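Hi,

Here is the structure I promised to pass on. Have a look at it first, and then read my notes below.

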Amino acid sequence: MKEITRKLNGEIKRLTNETFKFDERVQEGWFSAVYFLKTREIVEKYRPNNIVTMQFFQKEHAVLCGTDEVIALIKTFAQNANELEIRSLEDGDKIKPFETVLTITGKYEDFGYLEGIIDGIFARRTSVATNVYNVAKAARQSGIQKPIIFMGDRDDHFTQQSGDGYAAFIGGSKAQATHAMNEWWGKKGMGTMPHALIQLFQGDVVAATRAYKETYPEDDLMALVDYNNDVITDSLKVAREFGTELKGVRVDTSRTMVDQYFCRKPEVMGAFDPRGANPTLIFALREALDKEGFEHIKIIATGGFTATRIREYEEAGVPVDIYGVGGSLLKLNIGFTGDNVLLNGEHEAKAGRRFRDNPRLQIVE
């Protein structure tokens, strides 16, 4: 049983290194800024056994993520970890600018070298969780939460997928592209067909979709329909062929391309950008499907979507049922700071910093 299941069942309070599987070189200081390592050595020689409180914060309205990972990091690699007092918020908490999200109290030499790593965990996980939350929020403006498929596998190094997938889950995405993205929270990756499959069937979308259906008969049948840059024609072809078995069509038209629909209907041009999976094309696709009785077929739109673009589509009532989003969700735009603010229980901090207690913090047992 995965730890996330035990946590959701109330059996454990926090995820541990059983989930995160940290690189053991953290213990050697391999991932810590060298000045932290030098500071630890100096403190051990000249100022040992002083009790400091280190607090962490950031400067945005955000969805916090990384608390379990940070706590597991401390418990795994800090010296005398059981002597440290850790107080923390939880993954998924909404946080305000400058709100303290975590404090660690103990001997500096026991944990101080982990400061930069903690900042980095919080920064990445919170950025992704917040990005996904904002996209999901944009996609529920109609009053119905439209699914968000997290498709960030090609937008960053593959070693980041498990943590990014967990952060996306915290932010509100329950459908993700790879198995690795689902590793920490217990599901499997999902997806249907790439352009490569249709290429191998020489652009025959119906043949490619049939092969997919026969190979994966238990899957919901979703066809990719922009390969030939004629999404309405190809959508109707697969809809007529598979009828009620076809659950959706995915439009992934490049934002440098103008679909063939506009060549056939030049009269609709002139007042909008006709490139990519634009609203006019999606409206026309929905109308064409409905006209032939295919109201059940969902439209999945992918390619260059951001929270702002989704919000614009939703405000305009564009009939997208599912959004696939990738690169915009992985923008790291939230930075965290760790500060030592108390020394042996008394204020001692750099100018402009002070201990900011937060009644929402919970003692970590």
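Below is what turned up, starting with the whole chain and then going to single residues.

A word on the basis: this is a predicted model, where local features need pLDDT of at least 70 and side-chain atom pairs count only at pLDDT 80 or more, while totals for chains, interfaces and linings use all residues. Residues are numbered from 1 along each chain as its sequence is written, and side-chain values use heavy atoms, with hydrogens and water left out.

The chain has 13 helices and 14 strands (DSSP runs numbered from the N terminus: H or I of at least four residues for helices, E of at least two for strands). Its C-alpha trace spans about 80 × 45 × 35 Å along the principal axes. Of the 365 residues, 50% are buried (buried is under 20% relative accessible area, exposed over 50%, partly exposed in between, with a 1.4 Å probe and protein chains only).

Thr 103 sits in strand β5 (residues 102-107), and it counts as buried because its relative accessibility is 1%. Lys 188 is 85 residues from Thr 103 in sequence, and their C-alphas are 35 Å apart.

As for cysteines, there are zero disulfides (pairs of cysteine sulfur atoms within 2.5 Å). Cys 65 is buried because its relative accessibility is 0%, whereas Cys 263 is exposed, at 53%.

Cheers
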